[in-house]
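Dear colleague,

I am handing over the structure below, and after it you will find my notes on what was found. Please read them with the coordinates open beside you.

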Amino acid sequence: MKLSQFRFKLPDDRLALDPPHKEFKNEDGTVEKVYRRDECRLMVLHRKSQTIDMFAKDGEGNVTDQPLLFRDIINYFDEDDVLVLNDTKVFPARLFGTKEKTDAKIEVFLLRELNKELRLWDVLVEPARKIRIGNKLFFEDDGPMVAEVIDNTTSRGRTLRFLYDCPHDEFKRELFALGSAPLPRYIINRREVTPDDMEHFQTIYAANEGAVTAPASGLHFSRELMKRLEIRGVNFAKITVHCGLGAFDTIEVEDLTKHKMSSEQMIVGTEACQVVNKARQNSRRICAVGVSTMRACETAVGTDGMLKEFDGWTNRFIFPPYDFGLANSLIANFYQSESTMLMATAAFGGYDLVMEAYEQALANGYMFGCYGDAMLILDD
């Protein structure tokens, strides 16, 4: 397929800048926001019948004028179905420092730690033209956190050595204390990052640190919804995919077969395989929560249709047409034009049905992006 087939016009005001919330005005005139993860809107696609649900039904099965909310997904899963979750944990990857001598303000985006003993980190810097090998960056006016640029990796990429002599745990704690939530650029260009974002930009089941962006489809799950699903008998299989920035890379070729995805580290353990494969053998619903999870499942599935243990990296790029080997349902967000996430969603749900859903979303006020609304694709 071609890049232009995934192009659409998205108004700026349809990008969600905050998680779902209600606003209340206090007596003193201040506005308080109460956040509800599971109250974003939900659109349900049925890929066999080629139908789309946007509104809830009453007790007699009649469609109402009330929109489906994410918490309504419980009505689509039964006992022994499986949700495959990505339990990666986002760390505060965006820092701001100053360049020695010039005091120029530099944004440093931490990607991954290369060497614990030497305090080496792979980072992106902005503006990159000002940062050369040998430069030192200071992250506090009078603090001890200093880094030296020791290598250029890409046009914006650098390797930093942090000059901080202390135990590694203390170093990581101090480094992360200087950082903020790594929200997408389209959000930070429109509002300030707050301390609350570090909580909001994290799934409630996050456990294994290493992501520099959230597995956004998992942000919709609240603790209450997880407990209700558990009581219903739905099982959870947790894998780890340390989400990087590759999904946000601009695709610069019209022929999608020529695009190369950046790699992401992933781990699929024994327990997850056991839960998923049991459901597979019993013909239960297996739902990948998010595109990162779906890519990992397609990387680790065997030719027999069973999930295999895996510890390594994946750069799998999924776009239509694609023959999926494991999950038979998918939870996704509404993504931006020409994004790899949209392409993977279209591969799973079918190009025509998914693009029709996007037209419906644009026409009916759905919100896009990591804090936006959600889509559930079912194989019925």
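**Aromatic cluster and ring pairs**

In this predicted model, ring pairs link F8, F334, Y358, Y366 and F368 into a cluster, where rings of Phe, Tyr and Trp (its six-membered ring) pair if their centres lie within 6.5 Å, and planes under 30 degrees apart count as stacked, over 60 as edge-to-face and the rest as tilted. Because the model is predicted, local features need pLDDT of at least 70 and side-chain atom pairs count only at pLDDT 80 or more, while totals for chains, interfaces and linings use all residues. Residues are numbered from 1 along each chain as its sequence is written, and side-chain values use heavy atoms, with hydrogens and water left out.

The structure holds 19 aromatic pairs. One of them, between F6 and Y351, is edge-to-face, at 5.4 Å centre to centre and with 85° between the planes. F6 lies in the segment before β1 (21-25) and Y351 in helix α8 (residues 351-363), so this pair ties together parts that are 345 residues apart in sequence; helices (H or I, at least four residues) and strands (E, at least two) are DSSP runs, numbered from the N terminus. F6 counts as buried, at 0% relative accessibility, whereas Y351 counts as partly exposed, at 23%; here buried means under 20% relative accessible area, exposed over 50%, and partly exposed in between (1.4 Å probe, protein chains only).

The rings of F334 and F368 have their centres 5.5 Å apart and their planes at 55°, so that pair is tilted. With F334 in the loop between β20 (329-333) and α7 (340-349), and F368 in the loop between α8 and β21 (374-378), the pair ties together parts that are 34 residues apart in sequence. Both F334 and F368 are buried.

**Helix α7**

For α7, 10 of the 10 residues are buried, so the helix is largely enclosed by the rest of the structure. What covers these buried residues includes α6 (291-300), β20, α8 and β21. The residue that follows α7 is G350, whose phi is positive, near 100°.

H220 sits in the loop between β15 (208-211) and α4 (223-232), and at 3% relative accessibility it counts as buried. The side chains of H220 and N333 are joined by a polar contact of 2.9 Å, a term for a pair of N or O atoms within 3.5 Å in which, within protein, one must be able to donate a hydrogen and the other to accept it, residues adjacent in sequence counting only if both atoms are side-chain atoms. If neighbours within four places in sequence are left aside, the residues in contact with H220 (heavy atoms within 4.5 Å) are R37, D38, C40, F70, N333, G372, D373 and A374.

A search of the whole structure finds 1 cavity of 30 Å³ or more, a cavity being a set of points, on a 1 Å grid over the protein atoms alone, where a 1.4 Å probe fits but cannot get out, with lining residues having an atom within 4 Å of a point. The largest cavity has a volume of about 70 Å³, the volume being the space filled by probe spheres set on grid points that are joined across faces, edges and corners. H220 is one of the residues that line the largest cavity, together with P19, P20, Y35, R37, H200, L219, C370 and Y371.

With best regards

Conventions: On a 1 Å grid over the protein atoms alone, a cavity is a set of points where a 1.4 Å probe fits but cannot get out, and a pocket is an open set with protein on both sides within 12 Å along at least five of seven lines; lining residues have an atom within 4 Å of a point.
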